[in-house]
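Please keep the structure in view while reading.

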Amino acid sequence: MRILIADMKQETSTFNPTPTVYDDFRIYVGDQIVTKFTKTKTELSGAFDVFAADGRPEIVPTMAADSVSGGPIQTACLDRLLEEITEEIRKVGAVDAAYFCLHGAMAGQDEIDPEGRLLTAAREILGDIPLVISLDLHAILTERMVDAADVIVPYHTYPHVDQYETGQRAAQNLLKLIDGQSKPTVARVELPMLVRGDELITATGRFGQAIRMCQDIESSETGLAAGVIIGNAFTDVPDLQSNVIITTNDDPETAKQAAAEIGRFMWENRELFQADLTTLDESIEIAEATDGLTVFSDAADATASGASGDSNKILEGLIQNAFSRRALVPIVDAPTVDAALEAGVGATIDVTLGGTRDPGRFEPLPLQAAVRSLHDGNFRYENGTQGSAWRSVVLVAGNIHLLVTARPIFVVGRRAFEEHGLNPVDFDLVVVKSPNGFRPYYEDITTRIVPVDVPGSTSANLKSLPFQHCVRPIFPLDEDVQTPWDNEKSA
Ligand SMILES: [Zn+2]
């Protein structure tokens with residue numbers, strides 16, 4: 001039983017002007033994929049363990065290409081990437097089934113649906129074999145993806161902590177298909193809404209109730225997979241909206257009913273799914289007054305959501321407000337990293353910080369800083385996967401420590417700081433570049449979390465962004481948004 005494995009992940013903010021290029025992807029081919037992902041907290045690892053427990057499958061790894069989130073992928077780079085993955089799929093010959101591990105919110109400068117294009121090409125090569133995909137719940141769900149996949153298995157948690165379990169569910173679905181035990185029937189409800197804010201936290205928020213409804217369907221007699229795919233609000237492509245997608249085993253009626261019920265629940269709660277942001281000055285006052293650690297969520301410059309990572313707005317605010325406590329601030333700035341590497345540890349250098357990747361939003365901020373440490377930029381994230389800042393340095397300017405990286409990294413967990421000799425518990429204020437994903441790593445050491453309202457290409461203040469392509473009208477950008485039910489009433 002030969003099961004093909006492919007992986008392609010990047011999350012795009014089309015509002016980030018710096019394109020993602022081929023070299024931004026960490027690429028593994030063939031058996032490297034098994035070596036690199038086994039015993040990690042990833043979908044692939046979860047799938048491998050299910051296949052191993054079953055005993056029958058032979059894993060046929062093709063290519064895994066993963067990049068930190070970022071701007072749209074340069075056309076030639078995306079073409080090359082898709083051609084290479086497709087070629088690896090072609091090379092392995094006949095297989096019995098395929099598992100594609102995808103993020104789902106990728107966009108190219110020209111190609112608006114890279115995952116759909118990959119799956120369509122794969123289908124042409126593989127023919128009518130069982131094919132399951134897993135998706136981040138921030139995926140942009142497209143017709144091509146729905147058409148190509150027998151079963152779509154989305155994450156059930158936000159912040160995402162169920163990658164491994166999602167891979168397990170995908171693998172279990174694949175085995176059922178191979179054994180002829182399931183005949184997928186899919187129902188999808190499209191919801192013209194973009195969602196943000198605390199109510200999306202599945203452990204505590206209203207979105208979690210919708211996910212629990214999905215899980216009830218999954219565990220019902222005919223349930224195969226269910227999820228609410230809310231899209232990455234910053235991937236401004238024609239399919240950007242929210243979706244409910246339910247797959248049952250030869251039971252279209254249950255799938256349809258469940259999708260409608262969960263869709264209505266999401267829609268009726270739409271006003272709750274908006275972010276409550278705090279002004280920068282007020283945020284800094286809170287951090288001054290808080291006993292213990294304050295975490296600022298710079299969701300507007302979330303490298304986890306596709307932003308450029310070179311925002312200096314919070315840094316500038318801390319300096320202007322003469323913030324008096326120990327602060328830890330990450331920022332992307334390749335020229336400053338190089339200047340620090342050149343000057344060496346202990347040197348004091350005059351540099352500018354920020355505005356190198358999104359100069360339309362951020363102006364370089366002049367600063368004098370001491371070079372504390374120099375790094376090759378390689379480290380391991382909490383989930384066991386490899387991170388690369390290309391090269392990185394730690395600078396100190398008064399009471400502010402700066403982790404300066406040559407390119408964007410995920411600043412979600414604590415590991416990215418710790419591996420640079422910076423322990424968040426040693427600070428009174430830590431800035432993270434993540435809207436909510438940081439919470440599992442910080443909640444037990446943090447007194448106060450503040451979502452700060454500063455500009456950026458992934459701002460939770462959606463009306464501040466120049467949407468051009470997504471489904472319109474759409475909540476909350478437009479008034480009088482039509483839902484499928486409005487049409488029902490008038491029919
Ligand atoms: Zn996500």
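Two residues are in contact if their C-beta atoms, placed from the backbone, lie within 7 Å. The model is predicted, with a mean pLDDT of 97 for the protein, and 99% of its residues reach 70 or more. Confidence is highest in strand S5 (residues 131-135), at a mean of 99, and lowest in helix H14 (residues 484-490), at 66.

The domain assignment divides the protein into domain 1 (2-272) and domain 2 (278-459). Their C-alpha centres lie 31 Å apart. To the contact between them, domain 1 contributes 25 residues and domain 2 contributes 22 residues. On the side of domain 1 that touches domain 2, 9 residues are nonpolar, 12 are polar and 4 are charged.

The interior comes next. In soluble globular proteins, nonpolar side chains tend to be buried together. Here the largest nonpolar core has 97 residues, and those with the most contacts inside it are Ile 3, Ala 98, Tyr 99 and Val 228. Strand S4 (residues 97-102) gives the most to this core, with 6 residues. Beyond its neighbours within four places in sequence, Tyr 99 is in contact with Ile 3, Ile 5, Ala 47, Val 132, Ala 170, Ala 171 and Leu 174. A second, separate core comprises 57 residues, among them Ile 314, Ala 339, Leu 395 and Ile 409.

Attention now turns to Ile 331, which is found in strand S12 (residues 327-332). Why does Ile 331 count as buried? The reason is that Ile 331 has 28 C-beta neighbours inside 10 Å, and a residue is buried if 20 or more other C-beta atoms lie within that distance of its own. Residues up to four places away in sequence aside, Ile 331 touches Asp 310, Asn 312, Leu 315, Leu 353, Gly 354, Leu 402 and Val 404. The C-alpha atoms of Ile 331 and Val 431 are separated by 9.6 Å, although these residues are 100 residues apart along the chain.

Terms used:
Residues are numbered from 1 along each chain as its sequence is written. This is a predicted model: local features need pLDDT of at least 70, side-chain atom pairs count only at pLDDT 80 or more; totals for chains, interfaces and linings use all residues. pLDDT is the predictor's confidence in each residue, from 0 to 100. Helices (H or I, at least four residues) and strands (E, at least two) are DSSP runs, numbered from the N terminus. Domain bounds come from an automatic or database domain assignment. Ala, Val, Leu, Ile, Met, Phe, Trp, Tyr, Cys and Pro count as nonpolar, Asp, Glu, Lys and Arg as charged, and the others, Gly among them, as polar. A nonpolar core is a set of buried Ala, Val, Leu, Ile, Met, Phe, Trp, Tyr and Cys residues joined through C-beta atoms within 7 Å. A residue is buried if 20 or more other C-beta atoms lie within 10 Å of its own, exposed if 12 or fewer, and partly exposed in between; C-beta atoms are placed from the backbone.
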